[in-house]
Amino acid sequence: MKIPNFFKSIFFGIPIGITIVDSVGYVARVDGISMQPALNPDRNTTDYVFLNKLAVRSYDVQRGDIVSLTSPKDPTQKIIKRVVGIQGDVIKTLGYRDHVVRIPEGHFWIEGDHTGHSMDSNNFGPVSLGLLTGKASCIVWPPSRWQVISSALPASRVPLNIKPIIRGF
């Protein structure tokens, strides 16, 4: 019995596609205003970003990275936020129950760029690195917004135990 080429393509293509999505990364739509102005700069624009899974495989995140993670409040939801602090950092919070927090080992502090319009570590505290799912590497849609996403941290959010480095934001 001869198998048509179409079925051969599906037979080999699906496992290869699943492997790529599972280990390399995938494109995801960014919903909401919590990351404005970096992502979804206005209400009429919806950004799609490439979430790089290889970049976070070793849980090596840096301050300023925009990352995707499983929500600590709702495990069925994925959220995208900026890394403000990593383990050992001392963070001045924006409304968390403690005004100053030292990030424990194996955790990091995330915040949305649109302060006050984001469900982030100021609501639920330091987040386990185990919830990390990917790093936003670039905006892939719409074409007018194609760009590599830089890891920049606003000067006002630099951890208290780090000497600020002045960079554009």
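**Pocket, ring pair and cores**

Modeller: In the largest pocket, the largest share of the lining, four residues, comes from S4. This is a predicted model, in which local features need pLDDT of at least 70 and side-chain atom pairs count only at pLDDT 80 or more, while totals for chains, interfaces and linings use all residues. Residues are numbered from 1 along each chain as its sequence is written, and side-chain values use heavy atoms, with hydrogens and water left out.

Colleague: What makes a set of points a pocket and not a cavity?

Modeller: On a 1 Å grid over the protein atoms alone, a cavity is a set of points where a 1.4 Å probe fits but cannot get out; a pocket is an open set with protein on both sides within 12 Å along at least five of seven lines. Lining residues have an atom within 4 Å of a point. By that rule the largest pocket is lined by 18 residues, with Asp 31, Gln 77, Lys 78, Ile 79 and Ile 80 nearest its centre. Two or more lining residues come from each of strand S1 (25-29), strand S2 (48-52) and strand S4 (78-86); strands are DSSP runs of E, at least two residues, numbered from the N terminus.

Colleague: Which aromatic pair does the model hold, and why is it called edge-to-face?

Modeller: Tyr 96 and Trp 109 sit 5.6 Å centre to centre, with 80° between the planes. Ring centres of Phe, Tyr and Trp (its six-membered ring) must lie within 6.5 Å, and planes under 30 degrees apart count as stacked, over 60 as edge-to-face and the rest as tilted, so the label follows. A search of the whole structure finds one such pair.

Colleague: How do you know whether Tyr 96 and Trp 109 are buried or exposed?

Modeller: Buried means under 20% relative accessible area, exposed over 50%, and partly exposed in between (1.4 Å probe, protein chains only). Tyr 96 is at 11% and therefore counts as buried; Trp 109, at 0%, is buried as well. Ser 68, in strand S3, has 3% and is therefore buried too.

Colleague: What makes a group of residues a nonpolar core?

Modeller: The residues must be buried Ala, Val, Leu, Ile, Met, Phe, Trp, Tyr or Cys, joined through side-chain atoms within 4.5 Å. The largest such core has 13 residues, and Val 61, Val 67, Phe 108 and Ile 110 have the most contacts inside it. S4 gives the most to this core, three residues. Apart from it lies another core of 11 residues, among them Leu 51, Ile 66, Ala 136 and Ile 149.
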